[in-house]
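Please find below a colleague's note on the structure, arranged as numbered points. The sequence and the model are shown first.

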Amino acid sequence: MPTSPPADLPHPRIPVAEARALVVGAVRRVAAEPVGLAELAGRVLAAPVVAPHDLPRHANSAMDGYALRAGEPGPWPVAARILAGDDPAPLPAGACAAIATGGVLPAGADAVVAIEQAVEADGVVTATAALTAGDHVRPVGADVRAGAEVLPAGAVLGPLAAAAVAGLGLTDAACAARPRVAILTTGDELVAPGEPLRRGQIHESNSVLVRAALVRAGCAVVHVGGVPDAAAATRDAFARALADADLVVSTGGVSVGPRDHVKPALAALGVRELFWRIATQPGQPTWCGTAPDGALVAGLPGNPLSCLVGLHLLLVPAVRAMMGADPGPETVRAELAAPVRRLPARMRCLPMRLVHGRLEDLGAGVSHQLSRAARANALALVPAGEGELAAGAAVDAVVLG
Ligand code: AMP
Ligand code: MG
């Protein structure tokens, strides 16, 4: 594969942002389904979550203390003892009620004096600090009002969001279905991990990478298969994969070698090309297209660190778009710990270790160096340009997790 194809190639490489816009624009949205509370974290909302009632529903105490009328001079005899969960009677004039955090404020009370600012002796309370109406009271609707939007459609739910849905009393929320992904690895040299290697063979790792990244992005992997380097077998494997997937991802066999059967197979199946070749290093020979039924098809290059580029810069955004989430990718701005050489016409995508805002080079600059990249938690994006970026220069980095 030439490192710098001539500009007049029929498939000029395109900037990765342009490639991403093409795939994100081409994806088919997935259906919505109800998802229960225990499964919500990690899912994408298909419809807004709206508060069915005010929260808090009733004014209640923010402290352990005494509920009373702030305008009364005191001291106040204790008329009741209110615990969280009680439904208290109205407060008699001139009296107070001992109240626990979360206890409903009795009708008539308008403030709570904290236990630390009160003295109770013989059932009578004296306040040791000045009182104002509203002190230590959580008013009705102070968290959210009935009918207000708590989470918008497209929100990616984390643990807090899932808890908020539970706090509203809902048992599930409408979420985007998990995009269905089929993964095909191509290459006669590939052997399953655990199996012995003959000379020239290698252990297959791309399917593990692709599966893990796409599952983390919210997908359901419905098929993983290995495909021999043969035209008919490649075509058959893609035809089967396309029958039941929103996204078909293959790795390897997408370059211009005599055993690269992916593109002809996809053409034969009517998969329409969006682009081939992106202006990155590694990752240049990346192919994407759309099947007649709207499924997205991606032919990622075979080298693991080349495969990583299209996976995180194109396919994770694509599946997020399928679910109606902001496609991203999520990037952080971070400093290079060591200088990095730039390439004149391609963005370098380097697996690095992001620690406290600094990107540490792992020496994984060549696309087969998977072991060197193993500790990476970020993909540093070094823009095309002349010379090198100095240590301390800021670049965008995609967080790999
Ligand atoms: P290809 O794009 O098919 O020419 O493959 C490029 C390089 O990536 C070759 O060295 C392959 O052996 C390697 N490769 C291809 N597929 C995989 C895979 N699934 N796991 C690990 N390495 C692979
Ligand atoms: Mg191959």
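How many disulfides does the count come to? The numbered points begin with that matter.

1. This is a predicted model, in which local features need pLDDT of at least 70, side-chain atom pairs count only at pLDDT 80 or more, and totals for chains, interfaces and linings use all residues. Residues are numbered from 1 along each chain as its sequence is written, and side-chain values use heavy atoms, with hydrogens and water left out.

2. The count comes to zero disulfides, a disulfide being a pair of cysteine sulfur atoms within 2.5 Å. The closest cysteine sulfur to that of Cys307 belongs to Cys288, and the 12 Å between them is too far for a bond. For Cys349 the closest cysteine sulfur is in Cys307, at 13 Å, again too far. Cys307 is buried, at a relative accessible area of 0%, and Cys349 is buried at 1%. Buried means under 20% relative accessible area, exposed over 50%, and partly exposed in between (1.4 Å probe, protein chains only).

3. Helix 3 (residues 206-216) has Asn206, Ser207, Val210, Ala213 and Leu214 as its buried residues. Because they cover an arc of only 145° around the axis, they lie on the same side of helix 3; the arc is that of the directions from the helix axis to the C-beta atoms. Val208 and Arg216 are exposed on the other side. Helices (H or I, at least four residues) and strands (E, at least two) are DSSP runs, numbered from the N terminus.

4. The buried residues of helix 3 pack against strand 13 (180-186), strand 16 (220-227), strand 17 (247-251) and helix 6 (304-322), where contact means heavy atoms within 4.5 Å. Just after helix 3, Gly218 has a positive phi of about 115°.

5. Helix 6 also meets helix 1: Val16, Ala19, Arg20, Val23 and Val24 in helix 1 contact Leu313, Leu314, Pro317, Ala318 and Ala321 in helix 6.

6. Leu55 and Pro56 are joined by a cis peptide bond, with omega about -10°; Pro56 is in the loop between strand 2 (49-50) and strand 3 (60-61). The bond from Gly328 to Pro329 is cis as well, with omega near 5°, and Pro329 is in the loop between helix 6 and strand 22 (331-336).

7. Arg277, a residue other than glycine, has a positive phi near 90° and counts as buried at 6% relative accessibility. His356 has a positive phi near 50° and counts as exposed at 81%.

How values were computed. Chains are lettered from A and ligands numbered from 1 in the order in which they are written.
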